[in-house]
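Me: I am new to this structure and would like to learn how to read its features. Please take them one at a time.

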Amino acid sequence: MAQVEFKNVVKDYGAFQAVKGVTFTVEDGEFVALVGPSGCGKTTTLNLIAGLLDLSDGEISISGRRINDLDPKDRDIAMVFQNYALYPNKTVGENLGFPLRMRKVPKAELNDKVNQAASLLDISHLLDRYPRELSGGQQQRVALGRALVRDPQVFLMDEPLSNLDAKLRVQMRAELTRFHKELNATVIYVTHDQLEAMTMADKMAVMNGGVLHQYDTPERVFEEPANLFVAGFVGSPAMNLLPASRIERDGQTFATGDRWEIALSERNASCARRSTSDQIVLGARHSSITIHEARTPNCIPARVYTVEPTGDLTYVHIEVGETRLVISTDPQSQITAGQDVWIDLEQERMHVFDAKSELRIRPE
Ligand code: ATP
């Protein structure tokens with residue numbers, strides 16, 4: 001297995017720059033998810049590693065060896081795509097063995113590798129079937145097996161689960177995690193689904209508009225988002241973001257908005273004071289806001305827009321001026337649409353962002 005290093009990687013499609021100087025290192029045996037909204041440059045980045053596209057600038061190396069100019073077939077990489085395209089008139093066994101037959105691997109070794117991959121992926125009993133006789137999840141496992149038999153240095157996966165139904169996706173997520181752990185494989189995995197990334201990856205590379213916004217563990221990306229984009233992208237529901245101004249009065253720091261004002265705790269006040277201007281954005285996860293039905297000190301007045309029961313939790317969508325927030329409450333809550341309420345942001349879990357630079361201001 002291998003370490004993959006990106007140094008200032010740039011990809012231009014004519015005048016359009018799809019990847020804008022991306023730098024990060026995938027350590028040996030790590031599972032890294034490239035996440036971001038549609039068009040952010042994930043697939044382009046993956047194709048640059050595979051050699052399906054040429055870099056415009058920068059460098060990619062695998063285990064210390066520069067691969068920019070290396071032929072795709074010499075990169076020792078296996079790709080699994082969302083359309084897994086198994087050969088319809090070959091059995092599962094023949095599909096699995098195909099990459100090895102192309103490389104003229106001796107028959108005994110080929111059979112050993114096919115059996116090992118089939119056993120790891122729990123498809124040994126399907127070796128004589130044809131792809132049309134398999135479920136979507138089983139076909140996906142065969143596609144994975146076909147990558148696996150090659151014993152590559154790096155696995156690249158581009159939305160491999162997106163054709164599966166929701167239940168199967170959850171199941172395959174667990175399978176992929178187990179596959180990664182057992183092989184200790186280096187995996188780079190593209191998905192637009194941040195939940196998929198959160199649950200499977202050792203690290204997440206969060207991209208937008210060709211820029212890498214944060215490269216960190218899922219926990220840190222969730223708990224300490226680098227900026228407003230990451231805060232608004234990661235988590236379901238995403239972090240609530242409330243624009244505000246900072247004012248100082250009688251030795252106390254306040255955040256104010258359209259007909260509301262709250263005193264900031266010392267921790268948040270010190271963050272707000274380090275903003276490049278008095279314009280800040282308060283960030284709060286849905287679970288760190290409490291709704292009160294009566295006026296309460298240091299709370300923000302709001303109006304309930306809609307109430308969304310989901311079983312375990314009820315999501316209450318509220319409006320503070322023009323800003324819509326989502327708050328989770330107990331399903332027993334009696335709050336209804338159109339009601340006036342007061343919300344309390346838990347200051348210990350609150351984030352303060354610089355509205356101009358859009359960066360999160362770290363507590364001191
Ligand atoms: P998705 O999740 O929709 O697959 P992505 O994050 O994988 O998106 P890319 O496919 O890498 O995004 O595309 C990044 C940007 O580059 C997009 O704006 C896309 O329109 C543009 N792009 C991709 N391929 C080409 C091309 N061959 N020529 C010109 N522009 C391209």
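Reply: Start with a charged pair: the side chains of R66 and E59 meet in a salt bridge, with N to O at 3.3 Å. A salt bridge is a side-chain nitrogen of Lys or Arg within 4 Å of a carboxyl oxygen of Asp or Glu. The model is predicted, so local features need pLDDT of at least 70 and side-chain atom pairs count only at pLDDT 80 or more, while totals for chains, interfaces and linings use all residues. Residues are numbered from 1 along each chain as its sequence is written, and side-chain values use heavy atoms, with hydrogens and water left out.

Me: With which other residue does R66 form a salt bridge?

Reply: That partner is D69, the closest N and O atoms being 3.6 Å apart.

Me: How far apart in helix 3 are K113 and E109?

Reply: Helices (H or I, at least four residues) and strands (E, at least two) are DSSP runs, numbered from the N terminus. In helix 3 (residues 107-120), K113 and E109 are 4 residues apart, so about one helical turn separates them. Their side chains meet in a salt bridge of 3.7 Å, N to O. K113 is partly exposed, with a relative accessible area of 25%, and E109 is partly exposed at 36%.

Me: Which polar atoms lie by the ligand's oxygen atoms?

Reply: A polar contact is a pair of N or O atoms within 3.5 Å; within protein, one must be able to donate a hydrogen and the other to accept it, and residues adjacent in sequence count only if both atoms are side-chain atoms. A polar side-chain atom of S38 lies 2.6 Å from a ligand oxygen, and one of T44 lies 2.5 Å from a ligand oxygen. For C40, a polar backbone atom is 3.0 Å from an oxygen atom of the ligand.

Me: Which element gives the largest share of the shell around the ligand?

Reply: Helix 1 does, with 3 residues.

Me: Where does N268 lie, and is this residue buried or exposed?

Reply: N268 lies in helix 9 (residues 266-273). At 1% relative accessibility, N268 counts as buried. The side chains of N268 and R267 are joined by a polar contact of 2.8 Å.

Notes. Buried < 20%, exposed > 50% of the residue type's maximum accessible area, 1.4 Å probe, protein only.
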